[in-house]
Amino acid sequence: MSHDNTRTAPRICPLCEATCGLTLTIEGTTVTGARGDRDDIFSRGFICPKGASFGGLDADPDRLRVPLVRGDDGELREAAWSEAFDLIAARIPELTKTHGPNAVGVVLGNPNVHTMAGSLYPPLLLGALRTRNVFTASTLDQMPKHVSSGLLFGDAHAIPVPDLDRTDHLLLIGANPLESNGSLCTAPDFPGRLKALRRRGGTLTVIDPRRTRTARLADRHVAIRPGADALLLAALAHTLIDEKLADPGPLAGHLEGIDELAAALDGFTPDAVAAACDVDADTITAIARELAAAPTAAVYGRIGSCTVEHGTLASWLVDVLNILTGNLDRPGGALFPLSATARAPRPAEPGTRKAVPGKGFALGRWSSRVSGHPEAKGELPIAALAEEIDTPGEDRIRALLVIAANPVLSAPDGDRLDAALADGLDFMVSVDPYLNETSRHADVVLPPPPPSQSAHFDFAFNGFAVHNQVRYTRAAVPLEDGRMDESEIHARLVLAVSGLHGAPPSAVDDQAIGTALTRAGAPEELAAGLTGENGPERRLDLMLRLGPYGLTLEQLLAHPHGIDLGPLKPRVTEVLRTRSGRIELLPEPIAADLPRLRRALGDRPAPLVLVGRRHLRSNNSWMHNVGSLTGGSNVCTLQIHPDDAARLGLVDGATARIESSGGGIEAPAEITDTVRSGVVSLPHGWGHSRPGTRMAVAAAHPGANVNQLLDGTLLDPLSGTAVLNAIPVSVTPAL
């Protein structure tokens, strides 16, 4: 520490999936600056505007510092931590005893996977509650990929990622990593990695209805009609099979159903899909041939191809293409990362390279009460949350625990959900640093501390990293007086709902450690040797020791910039959990859904459809209260092509009225040829205009809630994911 009380500290950025290393400048206990950590073994000094704004977000004056409890007058007031947990312990067990476990619903938002506590404790909370009413942000973005991976590989978390640093050909569909920083593909400096691909002579193909920053970098940009992703991918797969270009290579011995796949894709020719995709057949054929001819190649699809009517089929076809070209589980193709806290690899059958058969993956083990939506990965569609609260009947949700989520803005038909939260619940708890559009309805709000006061480890994102590595950073500054550590908040919440209120929070971690040892078949004595300053660190130490590299917490602490665990390697036999022990190319649920895709060949396209878009300086609804990130390109405008604007009588900057099945909103028109004709684009996560919030910067730039255009009835049937893209809309000048 220097004489002026200024110092630096390493910190992993928690603001998006790239997990870049930062170097924080700290004066006393205040973060005054953030720059990229040049010594970080993964990000090598890269930083984006979100990471650079770490100090502003950390010190946001609108962050709650103590719990809020709703008084007898109906108003939220500041309260002691003990009072907040006393109230939870009095209400939740009583409700479950009277009405059953499904009377409590749980909503988990995306920020949970950006914190240690959000990764470690929600599974314990769900285990304590035993409710089937679980909703997460996954049914607004990535659930189709989990479902397709579960059906193909038997494990919903076995998601292959493109080997960005070694591939010769990268095909992106529905992805804009130059602005999103990547999704289900943890890759610091995604832009630099794509530019490196081009420099080494590789090819980048981007399929997107918008000419995004990523598309502008591409060798070939295909402006597909929104929502037609699965049709185009099916035509690519059909072409590979029809022209005898398919060659799974060493994967052939691990495949089941390749002949059935060929029959199922019959008819999805480039000529057949061209009109529906608005992509000429010759272009489709050329892309398929380029994929097959490349020395190595990877196909990568994300949000734009997931949040559409055929999102699971599109996600499945991405991996089908990687399999048919022999690029799955191959360096330079798409590989399965191996994180330091992953389960130890499963051995192959003795004397063979075959995977050991597993339990497989099942869909629809139960259904939602009102509309009968099947569960996927233990979750129900978040689009069904409002009806599960406001529809009378047995097992109606009467209490809600919302952890790091703002579904009033992020889920379809926020007006209905807003009313349901206001009038339909007996009790609600929010774990949230802000009083936002959702947490304003809570009876108890539990605010976690800012990120500088929390330790950080990426349990989720290391499992999607394009290079195997491990990093851990302790809190950069001490916990402020009056605050409670986020892990302790979660642990006390588990105790409160379990009827164990008053037990020490360490009891939750001790139980989790004991359970982990039993499941791993490890001796109980191992617990005594664990190191760490608290329960979460002891749990991390155990997971590292039981993991595939046999690391320890002490080793991580000795390497503050991370430990390089090497490039991704082929390991499909370790990953497979299907009942057959093979990659099941045409699972029954997929085969049953293909006729729906076939019918889409004859659909007449809507004159105007809406798609979302990403902002580099934003992340869904939870980063709009940072002044340094407002303005510039980070604005809520309706992008519209000049031809459409002229036809509709819109001028640049004028207010447009957008209407669809769920309602209508207004937004300034931004006339641009970066969006193809017949398509308009609005960003997700805006609409900060509701009363009773405490987010001054966001309220000053509220924007429009694009999800209010949706009534929540249109879902991808296999995954329950809300259709957020390719939505038919009408646009007129606002009166």
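This is a predicted model: local features need pLDDT of at least 70, side-chain atom pairs count only at pLDDT 80 or more; totals for chains, interfaces and linings use all residues.
Local features need pLDDT of at least 70 and side-chain atom pairs count only at pLDDT 80 or more, while totals for chains, interfaces and linings use all residues. Residues are numbered from 1 along each chain as its sequence is written, and side-chain values use heavy atoms, with hydrogens and water left out.

Helix 10 (residues 229-242) packs with helix 12 (residues 270-277) at an angle of about 165°, and their axes lie 9 Å apart. Helices here are DSSP runs of H or I of at least four residues, and strands are E runs of at least two, numbered from the N terminus. Axes are lines fitted to C-alpha atoms over the stretch in contact, and angles between N-to-C directions run from 0 to 180 degrees. The two helices are therefore roughly antiparallel (over 145 degrees). Contact (heavy atoms within 4.5 Å) is made by Leu-231, Leu-232, Ala-235 and Thr-239 of helix 10 and by Pro-270, Val-273, Ala-276 and Cys-277 of helix 12.

Four cavities of 30 Å³ or more are found in the whole structure. A cavity is a set of points on a 1 Å grid over the protein atoms alone where a 1.4 Å probe fits but cannot get out, and lining residues have an atom within 4 Å of a point. A volume is the space filled by probe spheres set on the points, which are joined across faces, edges and corners. The largest cavity holds about 90 Å³. Of its 15 lining residues, Lys-145, Ile-159, Pro-160, Tyr-300 and Gly-301 are the closest to its centre. The second largest cavity has a volume of about 50 Å³.

Methods. Angles under 35 degrees count as roughly parallel, over 145 as roughly antiparallel, 65 to 115 as roughly perpendicular and the rest as oblique. On a 1 Å grid over the protein atoms alone, a cavity is a set of points where a 1.4 Å probe fits but cannot get out, and a pocket is an open set with protein on both sides within 12 Å along at least five of seven lines; lining residues have an atom within 4 Å of a point.
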